[in-house]
Amino acid sequence: MDKTSNYNLNQWSKDDRVLMEDFNADNAKLDAAIDQVDGRVDGLAESKADKTAVTALQGRMTAAEAKAGARLIQRGTPLGAESGVYTVSFAGVDWSQWKTIYLLLTIKANTSNISIGRNSVQHQAKAYPGKKLLIFYPFFDGDTSAVGVNPVADIGENFVSLGGAYKSAELVLHTYNNEKLLPGTTYEFWGER
């Protein structure tokens, strides 16, 4: 009696004696092979269902983020040691992606002699220790002039002009008379689309 090449099933010729045991053995091999194929097909179906579920979840997350309002864009490196100057760089923010940007300053100092401006020479406004908020309106364009609005005027002025485009601007906090900004002074950029 010959055997098939893949599953080693019986192949009778006219002269072979046909036995029930041979049929049962072949049926058992076929049943096991079909079960393996079913398992692979089920696995593929589950994999496709998982991908579909992940894609749907990603879509829901994107929609939720759009509804959620402000999102953290960038967190500055906190000041590590006392210093008379702390610079907030705007270069790491993709201003073309945001309608509105919020700059939340956390100022720690042993003085109220703190100035905010384009650099340590061009004073724009006076600041005090604590949390300060400046709002910028790039409206999806990093090439527009960087002007920050201070909604509560808690830095002595209602706005701060940084004298250049958002994408290349920086804001400098500095002190006078050898007074210092303290470790932990930092900033966060938040954005709304």
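**Entry 1: salt bridges**

I looked up R75 and found its side chain in a salt bridge with the side chain of E188, at 3.0 Å from N to O. I note here that the model is predicted. R75 belongs to strand β3 (residues 71-75) and E188 to strand β12, so this pair ties together parts that lie 113 residues apart in sequence. E188 has a relative accessible area of 18%, so it falls under the 20% limit and is buried.

How many salt bridges are there by this rule? The count comes to 2. The other entry on my list is D143 with K167, where the closest N and O atoms are 2.6 Å apart. D143 sits in the loop between β8 and β9 (145-149), and K167 sits in the loop between β10 and β11. These two residues are 24 apart, and I record the pair as a link between distant parts of the chain. K167 is partly exposed, its relative accessible area being 46%.

**Entry 2: the loop between β8 and β9**

I stayed in this loop and checked backbone angles. F139 lies in the loop between β8 and β9, and its phi is near 45 degrees, a positive value in a residue other than glycine. F140 is placed in the loop between β8 and β9 as well. Phi of F140 is near 65 degrees, again positive in a residue that is not glycine. I looked up accessibility for both. F139 counts as exposed at 57%, whereas F140 is partly exposed at 36%.

**Entry 3: the nonpolar core**

Next I turned to the largest nonpolar core, which has 27 residues. Which of them touch the most other members? I wrote down V88, F90, L103, L105, F136, L171 and F189. At least two residues of this core come from each of β4 (85-89), β5, β6, β8 (130-136), β10 (159-165), β11 (170-175) and β12 (186-192). β5 gives the most, with 4 residues. The general rule I know is that nonpolar side chains tend to be buried together in soluble globular proteins.

Beyond its neighbours within four places in sequence, F136 is in contact with F90, W95, K99, T100, I101, L103, V147, G148, L162 and Y166.

**Entry 4: S112**

Where is S112? I found S112 in the loop between β5 (100-107) and β6 (114-117). S112 is partly exposed, with a relative accessible area of 34%. The C-alpha atom of S112 is 5.0 Å from that of Y128, although the two residues are 16 apart along the chain. With neighbours within four places in sequence left out, the contacts of S112 are K126, A127, Y128 and P129.

**Entry 5: N10**

Last, I looked up N10, which is in strand β2 (residues 10-11). N10 has a relative accessibility of 9%, so it counts as buried, the limit being under 20%. Which side chain does the side chain of N10 join in a polar contact? It is the side chain of K3, at 2.4 Å.

How values were computed. Residues are numbered from 1 along each chain as its sequence is written. This is a predicted model: local features need pLDDT of at least 70, side-chain atom pairs count only at pLDDT 80 or more; totals for chains, interfaces and linings use all residues. Side-chain values use heavy atoms; hydrogens and water are left out. Buried means under 20% relative accessible area, exposed over 50%, partly exposed in between (1.4 Å probe, protein chains only). Contact means heavy atoms within 4.5 Å. A polar contact is a pair of N or O atoms within 3.5 Å; within protein, one must be able to donate a hydrogen and the other to accept it, and residues adjacent in sequence count only if both atoms are side-chain atoms. A nonpolar core is a set of buried Ala, Val, Leu, Ile, Met, Phe, Trp, Tyr and Cys residues joined through side-chain atoms within 4.5 Å. A salt bridge is a side-chain nitrogen of Lys or Arg within 4 Å of a carboxyl oxygen of Asp or Glu.
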